[in-house]
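Dear colleague,

I am passing on a structure that I have been looking through, and below it you will find my notes. Please read them alongside the coordinates.

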Amino acid sequence: SIPLGFFGGIGGASRRGVLIKGGNYLEALARTEVVVFDKTGTLTEGKFAVSAVYPAGGGRLDPAQNDPAAASLLERAACAEVYSNHPISQSIRAAYGKQPDETRVTDVTEAGGHGVSAQVDGKLVLAGNRRLMAEHKIDAPEIPEAGTVVYLAEEGRYLGAIVIADRVKPDAKRAIADLKAAGVKKTVMLTGDADAVAQAVARELGLDEAHAELLPGDKVDQVERLLDGKSAKGKLAFVGDGINDAPVLARADIGIAMGALGSDAAIEAADVVLMTDEPSRIATAMRISRRTLRIVK
Ligand code: ADP
Ligand code: MG
């Protein structure tokens with residue numbers, strides 16, 4: 001049976017925007033030793049905006065300039081991304097500004113940690129990172145600008161790149177500091193994004209570890225390594241939005257999903273749901289759990 005006091009703790013947490021799906025998770029939260037975060041949509045807004053377009057011909061274009069070369073790259077990308085739910089896809093479609101004609105798009109494949117490939121007007125269009133380009137033996141240049149770079153190719157030919165910038169959530173830095181103050185020993189970020197982007201975010205937030213360029217399966221391996229490294233009593237929490245990280249949400253002692261941004265499947269699979277998508281709520285929930293269980297660090 002569940003001790004009566006647990007209901008008070010679960011109720012208190014829910015009033016502060018954290019849904020805890022059972023007394024066992026309340027107890028686990030109180031014992032959290034390691035907190036692992038997904039980056040995009042979890043520590044960052046996941047609301048990317050296109051900051052620059054680099055056509056293969058050379059030069060940097062501002063998307064607001066309405067240059068035909070930029071418009072044509074954005075159009076190809078928006079078509080290829082038309083069925084994707086990834087925050088990257090939403091930002092590219094927003095910059096394109098129109099609803100792409102879906103009848104022009106067939107044979108769409110989306111590979112987690114890579115990007116998408118699709119037939120657009122009967123031509124094979126690729127939109128994704130360097131790894132996707134490398135798999136198709138397409139040379140993708142280094143882009144001299146901070147941000148997540150989406151490379152584009154058509155029929156094996158490099159077309160150009162779109163740079164999109166995300167920003168860290170306003171409360172993310174405090175969230176990490178509060179977790180440390182609440183007794184968490186290690187904070188870690190796992191991401192499929194490029195290492196330069198990951199290291200910049202990790203430095204800004206004061207994370208203990210950041211691992212980049214991970215495929216969904218690599219994230220599971222990292223969580224398993226961290227599970228092995230912690231104390232027997234301590235618990236590991238993973239916080240994500242469910243996009244490309246559902247397997248890790250399931251593997252962690254406590255799977256925490258972003259409620260507003262997260263996919264329905266992630267909310268269903270999670271043990272704890274943050275209704276406001278604010279990472280700082282995790283420390284709040286931990287403090288309530290500790291108080292409920294009267295665990296002192
Ligand atoms: P994170 O781990 O930060 O949440 P993801 O695993 O969702 O990131 O994605 C990792 C990387 O894979 C992205 O930074 C991007 O380079 C590429 N990618 C994933 N999905 C897409 C997409 N729909 N379009 C373009 N690139 C994508
Ligand atoms: Mg993600």
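Val125 stands opposite Glu154 in β7, and the two strands concerned, β6 (residues 123-128) and β7 (residues 148-154), run antiparallel and are joined by 4 bridges. Strands here are DSSP runs of E of at least two residues, helices are runs of H or I of at least four, and both are numbered from the N terminus; two strands pair if DSSP finds at least two bridges between them. This is a predicted model, in which local features need pLDDT of at least 70 and side-chain atom pairs count only at pLDDT 80 or more, while totals for chains, interfaces and linings use all residues. Residues are numbered from 1 along each chain as its sequence is written, and chains are lettered from A and ligands numbered from 1 in the order in which they are written.

Contact means that the C-beta atoms of two residues, placed from the backbone, lie within 7 Å; axes are lines fitted to C-alpha atoms, for helices over the stretch in contact, and angles run from 0 to 180 degrees between N-to-C directions.

As to the division of the chain, the domain assignment (bounds from an automatic or database source) gives domain 1 (4-44 + 168-293) and domain 2 (49-165), and their centres, taken over C-alpha atoms, are separated by 31 Å. The contact between them takes 12 residues from domain 1 and 7 residues from domain 2. On the side of domain 1 that touches domain 2, the elements giving two or more residues are α3 (39-43) and α8 (195-205).

For the chain as a whole, the secondary structure comes to 12 helices and 13 strands. The C-alpha atoms fill a box of roughly 65 × 35 × 30 Å, taken along the principal axes. Finally, among contacts between residues at least 6 apart in sequence, 56% join residues at least 24 apart.
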